Structure formats: C-alpha cells, structure tokens
Amino acid sequence: MNGGGERDRLRDVAAAFRDRFRSDPTALVRAPGRVNLIGEHTDYNDGFVLPMAIDREVRIALRPRADRRVRVVALDLASDYLATDNGEEAEFSLAELERGHGWVEYLKGVAWSLAREGHVLHGFDGVVSGNVPRGAGLSSSAALELATARAFYAVSRFEWEPDRIALACQRAENEWLGVNTGIMDQLASAAGREGHALLIDCRTLITSAVPLPPDTTVLVLDTTTRRGLVGSAYNERREQCESAARTLGARSLRDVSQEQFDAASAALNPLLRRRARHVVSENARTLAAAAAMREGDAALLGELMDQSHKSLRDDFEVSTSELDKIVACARSQPGCYGARLTGAGFGGCAVALVSASAAPAIAAGVLDCYRTDTGLEARAYLCRPSSGTGEVNQQ
C-alpha cells in the first residue's frame with residue numbers, strides 16, 4: 001500500500017539538493033505517473049484512451065547554471081531506471097548532445113526534442129527522485145520526461161502548452177530512445193486534473209475531464225513481474241495494427257467502426273483480425289466508459305474493464321499468467337466492480353475499480369490470493385487522481 005516513507009523521500013529531494021550543491025534549489029518541479037483505466041493500445045492507432053494522473057511522481061529540485069550544461073544526481077530513481085548505486089551523477093552539454101546509455105538518456109532526449117521545437121534551453125543543476133515503479137505500466141518514463149521538460153521550463157521560460165510539451169516528450173521517447181509509444185502517457189502526465197480521469201482523443205489531442213463514479217477508488221495491483229518495452233512485442237503490435245488498417249483501406253484503426261470491421265474483417269489474416277478486433281472494440285468501450293463515469297455508473301464501468309482485459313488477453317495477446325491471476329483475484333473480492341491489465345502488458349500492473357470503503361480489505365485480499373496462486377508477492381497502491389505536471393510550492 002502507499003506509504004508515508006515514499007512521500008517523505010520525495011519531500012527530501014530539496015534537502016538532498018542542499019546537501020549536494022550547498023545551496024537552496026530555486027525550483028522544485030513534479031510530474032505524475034499515470035494509470036490507464038481503459039483504452040489500451042488504442043493511442044498509437046489515433047483512438048481514445050481514459051487515463052488518470054496518479055499521486056506517484058518524479059520530482060526534480062534544481063537551480064539554473066550560467067553555462068549550458070546539465071548536471072543531475074539521481075536518488076532512488078537511479079535504482080528504478082538503471083542498476084547503479086544510489087546518488088549517481090550524470091552531466092551533459094546542451095550544445096553537444098550525444099546518445100549514450102542509462103537513465104540520463106531520458107533527460108538528453110527531452111533536451112534534444114525541446115531544442116527541435118525552437119526553445120532556447122539553459123543548463124541547471126538538479127537532484128531527481130521518484131516513486132513511480134519502473135516497468136509496471138504506470139509511465140515512469142513519461143513522468144521523468146515531463147519533469148525534465150518542466151525543469152527546463154523553470155530555467156528557460158519558454159511557453160508552456162501541455163499538449164505541445166507532451167508531443168515533444170513523446171518524440172524524445174520515439175526518436176531518441178527508440179520506443180514507439182503513443183501520446184497517452186505524456187499527455188496524461190502533462191494535463192492531468194485532480195479528482196478526474198482524462199478522456200483523450202489521440203488524434204486531435206482534445207481532452208475531457210471525467211469524474212470517477214461516487215464512492216469508488218482506483219486500486220493498482222503490481223504483479224512485480226517486469227517488462228521492457230524496447231525488448232518486448234510492443235513495436236510488433238504497432239506494426240500489425242498499421243498493416244491491418246492498410247488492408248482495410250483506413251488511415252488508422254480509429255477510422256474503422258464495429259460495423260465496418262464486421263463487414264470487411266474476412267480480408268485480414270487471423271492474426272491481424274484479432275489485433276484489429278481488439279482496437280476497434282476497445283475504442284467503443286472507452287467511449288462507453290467515459291459516458292458511464294459521467295452517469296456515475298460504477299457497475300457498467302467495471303463491466304467494460306472486464307471486457308477490455310478479455311480482449312487484451314485473447315485478441316491482442318499482451319497478458320501474462322501473472323496478470324490474469326491478479327485480475328481474477330481482484331474480481332473475486334466483494335466490492336470490486338471490474339479489473340484489467342493496464343499499460344502495454346507483458347507484465348507490470350493491473351487496475352481495479354473498487355468500493356472506496358472496502359478498498360483496504362480488497363487490497364489485502366488480492367495480495368493473499370495472488371500469493372497463494374503464484375507464490376509471488378504483489379504490491380497494491382490506492383491511487384488518487386492527481387493534477388498534471390507543474391511546480392511544487394516549497395513553503
């Protein structure tokens with residue numbers, strides 16, 4: 001469950017800055033991770049997603065430099081992003097960005113992408129810390145990217161437009177880091193709204209805030225199994241979706257309705273038919289989920305989440321035995337409305353919509369059930385919808 005110790009470590013990032021650099025930071029910025037309630041593998045198909053920013057985040061305490069160098073110390077973040085000792089320091093020049101290895105590539109990639117947007121960037125000294133679990137499907141990478149962008153904003157003062165900054169961070173991940181993610185992760189982190197999820201049209205980037213149903217909360221269930229997007233089948237799934245869209249004569253699978261898919265799916269081979277069926281039906285489920293949330297219909301939202309997991313398991317084939325187990329454990333608990341894997345799949349986390357009053361008991365029941373079924377120790381996080389990227393008042 002969420003612990004005060006993790007929150008204390010985030011608060012201590014300013015103290016760590018003072019210890020390392022012998023001065024107070026001039027800014028403290030934050031960017032949240034996100035959990036996707038429904039709408040999986042639809043973002044890079046120009047479709048609809050329904051994530052919410054969560055109260056697990058990356059923070060950077062910083063001060064400007066007189067030159068164009070960036071020097072950053074990673075605290076607990078280092079163990080999340082690279083197997084190194086706590087407190088690793090990295091430094092690079094904004095005038096000569098070169099690709100390398102490790103967690104600092106996220107910072108360099110964002111600098112490269114913002115510079116391509118025409119922003120004149122200034123250097124800074126910083127200490128970075130985070131409590132978004134890496135590889136769990138909670139967008140630890142997007143949180144680091146957005147926190148980095150906000151740090152550059154703090155010392156460079158270019159115009160902050162959440163959708164454009166999100167696109168710049170997405171380009172950093174796509175082109176600098178070589179991971180073909182869609183826009184959802186970065187936009188959810190940039191534009192999250194406290195107390196709400198965001199319905200995002202990934203083609204237009206139009207967002208609409210939708211509230212959680214009354215008396216519900218979101219439970220994130222970490223299987224503690226991990227995946228790496230670069231080495232996974234993520235890019236393969238994206239190529240399959242693009243191939244299916246071409247065969248169906250569509251710009252993207254977003255443009256294929258259920259009726260059109262039913263009429264034309266025989267043109268697809270069985271593998272592409274399953275992939276396309278998931279995306280087409282998931283887009284419809286996501287729009288229906290947003291409508292259910294506006295009506296306060298927790299039962300319908302939970303049913304749609306259940307359907308989403310089945311589609312991701314059977315048609316998109318991105319689930320694992322551990323994800324299936326933890327979803328089944330969640331569904332067996334009184335007070336759970338629905339559950340599904342979240343994130344790209346291949347390991348990581350599931351998300352469940354649960355009764356707020358029963359949430360602690362549900363979390364404990366899931367952990368016991370999962371341990372009995374798998375022999376593994378899961379983690380459970382009760383997540384509150386958070387605001388998007390910004391600065392933290394140091395008072």
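Student: Okay, R285 and E282: buried or exposed?

Tutor: Both R285 and E282 are buried. Keep in mind that this is a predicted model.

Student: And what do R285 and E282 form together?

Tutor: They form a salt bridge, with the closest N and O atoms 2.8 Å apart. Both sit in helix α10, which covers residues 270–294. Because they are three residues apart in that helix, about one helical turn separates them.

Student: Why would side chains like that pair up at all?

Tutor: Side chains of opposite charge can pair when their charged atoms come close.

Student: How many salt bridges are there in the whole structure?

Tutor: A search of the whole structure turns up 35.

Student: Which salt bridge does D222 make?

Tutor: D222 pairs with R379, at 3.8 Å from N to O. D222 belongs to strand β8 (residues 216–222) and R379 to strand β11 (residues 379–383), so the pair ties together parts 157 residues apart in sequence.

Student: How accessible is each of them?

Tutor: D222 is at 0% relative accessibility, so it counts as buried. R379 is at 44%, so that one counts as partly exposed.

Student: What about D67, which partner does its side chain meet?

Tutor: That's R65, in a salt bridge of 2.8 Å, N to O. D67 is partly exposed, with a relative accessible area of 33%, and R65 is partly exposed too, at 21%.

Student: New topic! How do helices α11 and α12 cross?

Tutor: Helix α11 is residues 298–314 and helix α12 is residues 321–331; their axes come within 12 Å and cross at roughly 160°. That makes α11 roughly antiparallel to α12. The crossing is left-handed.

Student: Which residues meet there?

Tutor: From α11 you have D306, H309 and R313, and from α12 there are L323, D324, V327 and R331. The residues of this contact split into two nonpolar, one polar and four charged.

Student: Let's zoom in on V327. Is V327 buried or exposed?

Tutor: V327, which lies in helix α12, has 1% relative accessibility, so it counts as buried.

Student: What is V327 in contact with, leaving aside its neighbours within four places in sequence?

Tutor: With those left aside, V327 is in contact with H309, A339, R340, L341 and A350.

Student: And how far is V327 from G126?

Tutor: Their C-alpha atoms are separated by 39 Å, and the two residues are 201 residues apart along the chain.

Key. Residues are numbered from 1 along each chain as its sequence is written. This is a predicted model: local features need pLDDT of at least 70, side-chain atom pairs count only at pLDDT 80 or more; totals for chains, interfaces and linings use all residues. Side-chain values use heavy atoms; hydrogens and water are left out. Axes are lines fitted to C-alpha atoms, for helices over the stretch in contact, and angles run from 0 to 180 degrees between N-to-C directions. Helices (H or I, at least four residues) and strands (E, at least two) are DSSP runs, numbered from the N terminus. Angles under 35 degrees count as roughly parallel, over 145 as roughly antiparallel, 65 to 115 as roughly perpendicular and the rest as oblique. A crossing is left-handed if the near helix is turned anticlockwise from the far one by less than a right angle, and right-handed if clockwise. Contact means heavy atoms within 4.5 Å. Ala, Val, Leu, Ile, Met, Phe, Trp, Tyr, Cys and Pro count as nonpolar, Asp, Glu, Lys and Arg as charged, and the others, Gly among them, as polar. Buried means under 20% relative accessible area, exposed over 50%, partly exposed in between (1.4 Å probe, protein chains only). A salt bridge is a side-chain nitrogen of Lys or Arg within 4 Å of a carboxyl oxygen of Asp or Glu.
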